[in-house]
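User: Please go through this structure with me and set each term against its definition.

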Amino acid sequence: MKKDRIKYKEFYNGYSLYFKEGICTEGDQNIKEQIASLLLFESSNLKAGTLTTLDEYVSRMPKDQNEIYYLFAPSRQLAEHSPYYEMFKSENKEVLFAYDAADEVCLLAMQQFHLKSIKSAENWTRIESGGDSQSATVTIRDADKKDLVDWLKTTLGSVKVNEIKSSSTSSEHPCMITIGAEMGAARHFLRVGQVKDTEHLAFLKPTLHINLNHPIISALIKLHKSDPATATLVAEQ
């Protein structure tokens with residue numbers, strides 16, 4: 001691999017699925033990690049098309065970082081514009097991009113690599129986002145904020161949204177969803193049909209984070225009173 005990455009990439013494209021299957025079916029963690037050393041990913045710190053290994057990621061980690069972060073997305077463009085990646089970008093934290101569902105499944109099966117925990121970007125974002133925050137000037141009255149949050153809870157229902165948290169940041173995203181469980185595991189359950197209908201989504205305990213500084217959320221404060229039908233369509237997107 002080190003001598004000729006181009007040839008290895010060609011080999012990897014043909015046989016990577018067997019590596020991932022081996023990681024998922026192997027019970028010995030040491031063997032899992034030996035196989036995982038062969039995996040390739042794109043990285044937020046490298047240009048598009050350049051692949052890196054878990055060993056190389058670990059070698060670039062700051063000394064005080066104890067976790068390997070990855071983000072599942074269908075493409076690099078979607079990954080780089082994801083609200084879950086935004087916090088990593090602002091803190092210059094490297095994230096591995098996983099484009100294949102099999103990549104995520106084998107990372108979930110591993111849980112750690114070289115004593116470094118493997119965590120999805122969504123899980124880290126959920127922990128870091130915490131409760132209500134104010135990192136920018138709030139221009140919305142507390143009464144209006146409470147009114148909007150109460151309306152969203154009623155409109156979306158307790159199954160779709162277990163909790164709503166507000167923040168006032170410079171984020172380019174109007175909102176973000178986090179869940180009480182590991183997002184990668186939840187995606188796997190959805191793929192294999194273990195979560196069959198809306199009622200079963202309640203165990204995920206989804207939390208809606210709204211950005212009060214975003215124009216869409218600001219407009220929704222007035223819209224849900226002047227045009228409830230349209231506001232409901234916006235809220236349910």
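User: What makes the largest nonpolar core a core, and which residues have the most contacts inside it?

Analyst: In this predicted model, the largest nonpolar core has 33 residues, and those with the most contacts inside it are Leu 39, Leu 54, Ile 68, Leu 71 and Phe 113. The term is used for a set of buried Ala, Val, Leu, Ile, Met, Phe, Trp, Tyr and Cys residues joined through side-chain atoms within 4.5 Å, where buried means under 20% relative accessible area with a 1.4 Å probe and protein chains only. The largest share of this core, five residues, comes from strand 3. Apart from it lies another core, of 16 residues, including Leu 148 and Ala 231.

User: Why are helix 1 and helix 2 called roughly antiparallel?

Analyst: Their axes, which are lines fitted to C-alpha atoms over the stretch in contact, come within 9 Å and cross at roughly 165°. Angles run from 0 to 180 degrees between N-to-C directions, and those over 145 count as roughly antiparallel, so helix 1 and helix 2 are given that name.

User: Which residues of helix 1 and helix 2 meet?

Analyst: Phe 19, Gly 22, Ile 23 and Cys 24 in helix 1 meet Lys 32, Ile 35 and Ala 36 in helix 2, contact being heavy atoms within 4.5 Å. By class, this contact has five nonpolar, one polar and one charged residues.

User: How are residues numbered and selected here?

Analyst: Residues are numbered from 1 along each chain as its sequence is written. Local features need pLDDT of at least 70, side-chain atom pairs count only at pLDDT 80 or more, totals for chains, interfaces and linings use all residues, and side-chain values use heavy atoms, leaving out hydrogens and water.

Definitions and conventions. Buried < 20%, exposed > 50% of the residue type's maximum accessible area, 1.4 Å probe, protein only. Helix = DSSP H or I, 4+ residues; strand = E, 2+ residues; numbered from the N terminus. Parallel < 35°, antiparallel > 145°, perpendicular 65-115°, else oblique. Nonpolar A, V, L, I, M, F, W, Y, C, P; charged D, E, K, R; others polar.
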